[in-house]
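Trainee: I am new to this structure. Please take one part and walk me through it closely.

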Amino acid sequence: MKAPPFGYVKARELGQVFDLLDQHGDDAKILAGGQSLIPSLNLRLSRPAVLIDINAIADLQGIRETADSVIVGALTRHVVLETSPVIARHVPLVAQAMPQIAHPAIRNRGTIGGSLAFADPAAELPACALALEATFILRNRSDERRVPASGFFHGLFETDLRPGEVLAAIEFPKAMAGHRFAFAELARRHGDYAMIGMAAAAPQPGTLRLAYFGVADRPVLASAAAACLLRDGPQGLEAACAALAGDLSPSGDLNAGPQTKLHLAAVLLRRAIPSLFAPA
Amino acid sequence: MDQHDISVIVNGQKIRRRVSARQHLIDFLRNDLSLTGSHLGCEHGVCGACTIQVDGVAVRGCLMLAVQADGATVDTIEGLTDSGAIADLQDAFHRYNALQCGFCTPGMLSTAAELVAQHPDADREEIRAHISGNYCRCTGYHSIVDAIASVLDDRRKARANGGAA
Amino acid sequence: MSGRPVVTPFDRPNSYIGRAVPRPNAKKLLQGRGTFVDDIVLPRMAHVVFVRSPHAHARIVGIDRTAAQEMPGVIAVVTGAELAKVITPWIGVLTHLKGLKSAPQHAIAIDRACWQGEAVAAVVAETRAEAEDAAETVVVDWEELPPVVDMETALDAATPVIHPELGDNLAFRRELVTGDVDGAFAAADHVFEEVFHTGRHTGVCLEPRAVLADYQPADGKLVAYQATQAPHMIQNLLAKHLDLNESDVRVICKDVGGSFGIKVHIYPDEMATAALSVLLKRPVKFIADRLESFVTDIHARDHRIKGRIAVKSDGEILAFEIDDRTGIGPYSVYPRTSAVEANQVVNLVGGPYKHKAYRASTEVVFQNKNVTCQYRAVGHPIACAVTEGLVDLAARKLGIDPADIRRRNLIPDDAYPYTGLAGLPYESLSHHASLEKLLALMDYDGLRAEQAELRKRGIYRGIGLASFIEVTNPSSAFYGIGGARISSQDGCSIRLDPTGTIICATGVTEQGQGTEAIIAQIAATAVGVTMEKVRVITGDTDATPYGGGTWASRGAGIGGEAALQAGKALRQNILSVAAAMLQAAPESLDIRNGVVVDADTGNERLPLEEIGRVVYFRPDTLPKGLQPEFVVTRHYVQKDYPFVFTNGIQGSYLEIDTETGFVTLLKHWCVEDCGTIINPQLVDEQIRGGVVQGLGGALFEHCIYDDRGQLVNGSMIDYLVPMAGEMPDIVVGHVVSPTASSELGAKGAGEAGTAGAPGAVMNAINDALLPLNVSLAAQPFTPESILTALGRVGARVG
Ligand SMILES: Cc1cc2nc3c(=O)[nH]c(=O)nc-3n(C[C@H](O)[C@H](O)[C@H](O)COP(=O)(O)OP(=O)(O)OC[C@H]3O[C@@H](n4cnc5c(N)ncnc54)[C@H](O)[C@@H]3O)c2cc1C
Ligand code: FES
Ligand code: FES
């Protein structure tokens, strides 16, 4: 199917984006990598009046390091994250997740900002952001807002982005000495959205965040399960698995019903234990 | 309807055209430029039949608007053929019969071209992973993997010989 | 490939038979210079988009198209009633399938839609996008009717009847009893039973269905550029239903992006496109969108089969019994009908084995889902999975190795000719040779040892075998005797041109199998020229001999034999002219590599170019009474058997992660016997492609309908086709038993891969899970279904 008619503006700078967002309100859509938006247009599921192409905006590009964080511009393409030495070194969880996202040609175009703003509940990056307590940097014409990952995902394809706002960058804390992490997902076929997945991060001893994806309308933290493991270490595994039932109340989809998802959530957790408790 | 003037280098030739905003790149190439080697199998980004090279990297032509190609360099199967850039891949696909109906082939070759350029040491499993976004109903993939593996092998040998010389 | 022995009597100089010659016509495809229907543009060409029913079953109360007619670019918005003025409806029945009934089907529904996706109006516009824009504004006033969804309850009294004039929802029923079935079951030491399910699949050809119809009113001619497997069948039916002279309809079929049986049927939207071209007097193009492909391309394989096997304690099989039910949608598809698949299941279950008693019954029912019809390996994967599932069930229960139970029960290789229990003759099969070859290729004993070793470490690997028989080279018993004008014969015309080139026009068609290469190899061999000197013409009803096209694995066996006979005849004609020119006896001469030579010594005497020059430009120099005939046509139809059966066996090796339910296919093997092998590479590739289609069905593919008759996974995002990452390497081996029904001896090979793969995978899964006392019989085998069988999760409700 062909996309319905729409207008198109290639924005050169953020100011222009804000103008257009003001002007068109809900009828405007930001076009980043287009790897989620254009399929939905070609399915005629989305009918914006105008697309605002942000691909040329320099302010949204690039990966920057600070002393204790890495700031990734929203327009950073998946392939750049996948191959970036900075990400591999300081945000290894994301580096590990990248090859699981779609296929090379899609990673060549898709962006981190698009992925997070799209907020597919089965996507990898939102869960990574949640596990790592990333900070979302949102900008409108006059302000910048910093939203923790835990406050960004509101529901199915719903985020904290307000009218007139753009996701400008994502700030990941740098992995510290002694950090542990694990990433695992189950997808029916290579590159498919996950049936279920888990991004886990323990930035320093005494911390642990288990972010599941593909279980609900947004990525979900399994806090009770994490608490069991924090309390008892690997010995807390069985209790943690049991706690998952309270943490996640998975909804079913075509590939797996709620029970299956819950079962698989425990399997992923069990398999992550060696990485999460690996000796230094 | 929203119309835009674009200027694109397609297969080495500078092209100026007026396109409507909603037109994706494959429809532009096929309908406006009669470059019918790029195929559409889904228009949802899933099948890979429309994979072409934009600014030197493989992309889904159905998930990029023609207007977004303004200022870009686009190489389709026709151009990649004429430049000889993928001659060894084409030859290996022929020898291994890594195509039957040929509908997936232009997209598969574009993907394979990127693979052999970026991952000179890929093994069969890595080859399979790399082409995992390109659907082929006919071949069962085995012969495609064979063909790509043989090109990687030949290129490795050529490099080794070149290095020794 | 060069190590492969030449396996045929065609081992003579200049023979291409048995050689892995690269396909000459592949180069253009590699360069993106093929011509698929969507690549063709004609002056004044319009595009059609269909408004389709969102409901499984609903009455059309009214259609408001006023807005659509005003939309930019719109040429016409046409309803079913309007189109019915130029195209007549059809009924998909065949007289030899006794009792088969169906209702008249229109190109566009007139008062009622009977499945989600049925076309109810056509919008023709200058571009596809404009047609889609306008189609969205057509407002259909629907009155929803209760849908018949579940095939199990379709015949219940409480279920509405979809076509009241037919009396009930039963399309077809067949019962077959051979031998003393009750006696065999009574005499058995054990009776094992299982209920098998095969999931509804669809073909997902990468190129969607496509037609460009060009009606030329000045001379009343219709040219249809169509992606089809059977151009002459399409020609006949377009003429019949559009009331045109058959000779005024030309069907041209250039490159086709995969077909697999999907593109061998009459589709209402394709017929409507031709009718619209007649109505609007201009070319109209229809390219199915991927979403509409899922709800309109034929589906297949939606069967539930209760199977029973009677065995002695030593593993001897005494009898099979099956009770099959399949749902085919609201109409039997025209003209091949939707009863053939079930009929084949009845014909094929138990096929490889030597038991003496068999009972089968099948019921084919109507329902409000998309139609089903013949898809690659029609019925075979179902019959094979049921047969081989039952055999392995018996082996497991009796503690017999799967290879041994097959050794004990497969029809002996020296038992032919043999008549199968469905009454069909087997000319010459090679089950035992194939089994032993497969076991050797697999290193079966080595795999068993590895499996046992790994099991100690909690790794569950399984080995599965599946023997099968395959129907190829059909005679007219398939369709012709049932009244369908589908040709079982095929022809080939070969012409020698002045340059020594031969041009072969054949009625069989190419959709990537390599038909053109095979015809070229045979013709080059038969005439005595090099491959470079052969051109092949396919897919044009004006230019090729009348034929059936390519389906039921008939291209090489039927089309190839016609090419062989035509080539041989042309060679004789050339030699008699050469003999006159050289004043030699024709028998003393031969043609090799395009040169007439002395047969004994190989000394070159006269190149074909020279003969061509003389014959075409200086006939005055030839003897007076000599009239060279350098165009020869020969036809062939296989008359010895209803079908020529082939056989083979597949092996699967896989690993199951019992915690996640994920199956990893480690490797797959297939040994098959397609008779004379014309091009080993092409045969291997047919097998591999077919295997992967079978693997897709076993593990991934499934058209899932909800209880309202809505297809819930009708997109490539949700319908999981097999992709490279999950597919194994596939080893192919051959046993060669040529058929004596033709000189060439070639049987078909196009469906063997698909036939056996699901059964092999099912058996391997159950073999892996044997220590856990669990087995599965419902395809597709998904992680969730495996976890459920293992008791790790409860059965899913809803
Ligand atoms: C076949 C296929 C398979 C895929 N598989 C996966 C997978 O396994 N896992 C996965 O995570 N993804 C997958 N994707 C999606 C892919 O990762 C997309 O790239 C990603 O979801 C969206 O990124 P984008 O840059 O392409 O965004 P776009 O498609 O351009 O935009 C997506 C949405 O985000 C909005 N948006 C984009 N950027 C911003 C911004 N800076 N500020 C505010 N709003 C913005 C857009 O308006 C739009 O609504 C798949 C896609 C395809 C086609
Ligand atoms: S047509 Fe672009 S991915 Fe299928
Ligand atoms: S060759 Fe037909 S789809 Fe790949």
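Mentor: Let us take chain C and the places where it meets something else. Keep in mind that this is a predicted model.

Start inside the chain. Between domain 2 of chain C and domain 3 of chain C, 15 residue pairs are in polar contact, both partners at pLDDT 80 or more. The largest share comes from α8(C), with five residues. Sorted by class, that side of domain 2 holds 21 nonpolar, nine polar and five charged residues.

One salt bridge crosses between these two domains. C:Glu144 pairs there with C:Arg708, and their closest N and O atoms are 3.6 Å apart.

Now the extent of this contact. Domain 2 of chain C brings 35 residues and domain 3 of chain C brings 28 residues. Together they bury about 2,700 Å², with 61% of it on carbon and sulfur atoms. Look for C:Trp115, C:His265 and C:Phe294 on the domain 2 side. These residues supply 24% of the area that domain 2 buries against domain 3, more than any other three residues.

Where do the domains run? The assignment for chain C gives domain 1 as 26–34 + 489–636, domain 2 as 37–145 + 208–256 + 262–296, and domain 3 as 299–476 + 640–789. The centres of domain 2 of chain C and domain 3 of chain C, taken over C-alpha atoms, are 36 Å apart.

Next, the aromatic rings. Over all chains, the count is 16 aromatic pairs. One of them joins C:Phe50 and C:Phe286 edge-to-face, at 5.2 Å centre to centre and with 80 degrees between the planes. C:Phe50 sits in strand β1 (residues 46–52) of chain C and C:Phe286 in strand β13 (residues 284–287) of chain C, so the pair ties together parts that are 236 residues apart in sequence.

The contact draws 50 residues from chain C and 46 residues from chain B. The two chains bury about 4,000 Å² between them, 57% of it on carbon and sulfur atoms. On the chain C side, C:Leu30, C:Leu206 and C:Ala724 supply 19% of the buried area, more than any other three residues.

Chain C and chain B share seven salt bridges. In one of them, the side chains of C:Asp729 and B:Arg124 meet at 2.8 Å, N to O. Polar contacts link 25 residue pairs between chain C and chain B, both partners at pLDDT 80 or more.

Which elements of chain C give two or more residues to the side that touches chain B? They are α1 (26–30), α4 (128–135), α8 (290–296), α17 (680–699) and β30 (729–734) of chain C. The most comes from α17(C), with eight residues. By class, this side of chain C divides into 24 nonpolar, 13 polar and 13 charged residues.

α8 of chain C gives the largest share of the domain 2 side that touches domain 3. α8 (290–296) is also among the elements that chain C turns to chain B.

Technical notes: Residues numbered from 1 in each chain as written. Chains lettered and ligands numbered in written order. Predicted model: local features only at pLDDT ≥ 70, side-chain atom pairs only at ≥ 80, totals over all residues. Heavy atoms only, no water. Contact = heavy atoms within 4.5 Å. Buried area = accessible area lost by both parts, 1.4 Å probe. Salt bridge = Lys/Arg side-chain N within 4 Å of Asp/Glu carboxyl O. Polar contact = N/O pair within 3.5 Å; in protein donor to acceptor, adjacent residues only side chain to side chain. Helix = DSSP H or I, 4+ residues; strand = E, 2+ residues; numbered from the N terminus. Nonpolar A, V, L, I, M, F, W, Y, C, P; charged D, E, K, R; others polar. Phe/Tyr/Trp six-rings, centres within 6.5 Å; stacked < 30°, edge-to-face > 60°. Domains from an automatic or database assignment.
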